[in-house]
Amino acid sequence: MRFRRAVCVFNPVSGEGTGRDMIGTVRQRLQRFVGEVDVAPTQSPNHAAELARSAAREGCDLMVVQGGDGTVNEVAQGLAGHDSPAVLVLPGGTANVLVNEVGLPSDPVAATDALPTLAVRKVSLGLVEFESGESRFFVVMCGAGLDAEIAARTPTQLKNRLGLGAFWIRGSGQIMRPFPCLRIASIDAESDVSGTTSLVVVSKSRVYGGGLVLTPGANLLAGRLEIAVFKGTGRLRFCGYLLAGVVAGTGWWPGVRHRTGTEVWIEPASTEIVRVQVDGEVAGILPARVSVSPKTISVLMPPGYGRENLESEV
C-alpha cells in the first residue's frame, strides 16, 4: 500500500519520552512507503485533535499516531466522520490498548515496517454523552467507577515515569478508599437489574490496559458494544475480578455479567460523584449515555483482525 502524504503526530512526553526519541527513525522508515512525511509534535491537551482536523482538510491520506491511547483518542475527535486519512497507530504510550488489540508489533519501528501488509478498516466510534451536554468519542473503551477513579488519581508525570506501574500503585492505594457505587439503568431501552456495582466497562476491544482481558467478546469492527458489569462493591470480590482479567476469565467468573448492546445508560447509585474514563483518560461524571456512534474513522490493522469473532456471529 502506497500513500501520498502522511502527517506523523507524536506526543513528546508519553511513554517516558519514547515518541521524541523514536520519531526520526519512524519518519525515515515511513519515507519508503509515503511520498511526503510531515512530523507534528503535540504541544498541549487536545492539540492532536486540531492536527487531525487540519490533516483531513488538507487532503492527507495517512495519519501516523505515535503516543498513548489518549493521543489516539484526541485524533479520533478530529477525524470522526472522515474516511481519510487512514490512521496507523504506533506504540508510544503507557498501555497501548489499540496496538495490542489489533496485534500490531510492540516496537514502533517494526509496526511502521508492517505498513504495506495492513488493511484499512472502518471502525465505528463509541460515544459518551453527559448530563452537562458535553460528549466524547472513544475508540476502544470507556469505564465508569473504579477504573476512572484510579485514572483520576494517577498524575501524568507519574505515568510518564513509571508507565503501567503508576496505575498499579494508585490502584493498590484505592483499596483503602471507599469504592464508587453505580448501576446500569438500561441497555437498548430495556431496564436493567444488575444491582449496585463499582465498575462497568463498555468496550469495543477485548483487550484492556495492563494486559487484562475484561470484555472477551468485543470487536472493533462490530457495530455493537460489549458491556461488562462487575457485581458488588466489596474489596475482596474485586481482587478476584482482577485475577479473572489476568487469566482472561471474566466470561465465566462468578459475579461478572456480560451483555451486548448499542446504547447503555449508567447512573450513580448514591450522592457521591462517580467518574467516567474514555480510552484511559477521565472525561466526565455520571449519569451518562454510552452508545455506538454512526461516525467512523479508518484504521490500519492486520487484515485478519477480528475475522473469527465476526464470522461466529453470522
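Predicted model: local features only at pLDDT ≥ 70, side-chain atom pairs only at ≥ 80, totals over all residues.
Local features require pLDDT of at least 70 and side-chain atom pairs count only at pLDDT 80 or more, whereas totals for chains, interfaces and linings use all residues. Residues are numbered from 1 along each chain as its sequence is written, and side-chain values use heavy atoms, without hydrogens and water.

The protein chain holds ten helices and 16 strands (DSSP runs numbered from the N terminus: H or I of at least four residues for helices, E of at least two for strands). Of its 314 residues, 54% are buried (under 20% relative accessible area, 1.4 Å probe, protein chains only). Contacts are heavy atoms within 4.5 Å. Among those between residues at least 6 apart in sequence, 74% join residues at least 24 apart.

Helices α2 (residues 47-57) and α3 (residues 69-79) cross at roughly 40°, and their axes come within 7 Å. Axes are lines fitted to C-alpha atoms over the stretch in contact, with angles from 0 to 180 degrees between N-to-C directions. H47, A48, A49, A52, R53 and A56 of α2 meet T71, E74, V75, Q77, G78 and L79 of α3.

S205 sits in the loop between β10 (197-203) and β11 (225-231). This residue is buried, at 0% relative accessible area. A polar atom of the S205 side chain lies 2.8 Å from the backbone oxygen of V207. Leaving aside residues up to four places away in sequence, S205 touches V97, E101, V140, T215 and A218.

Methods
Buried < 20%, exposed > 50% of the residue type's maximum accessible area, 1.4 Å probe, protein only. Polar contact = N/O pair within 3.5 Å; in protein donor to acceptor, adjacent residues only side chain to side chain.
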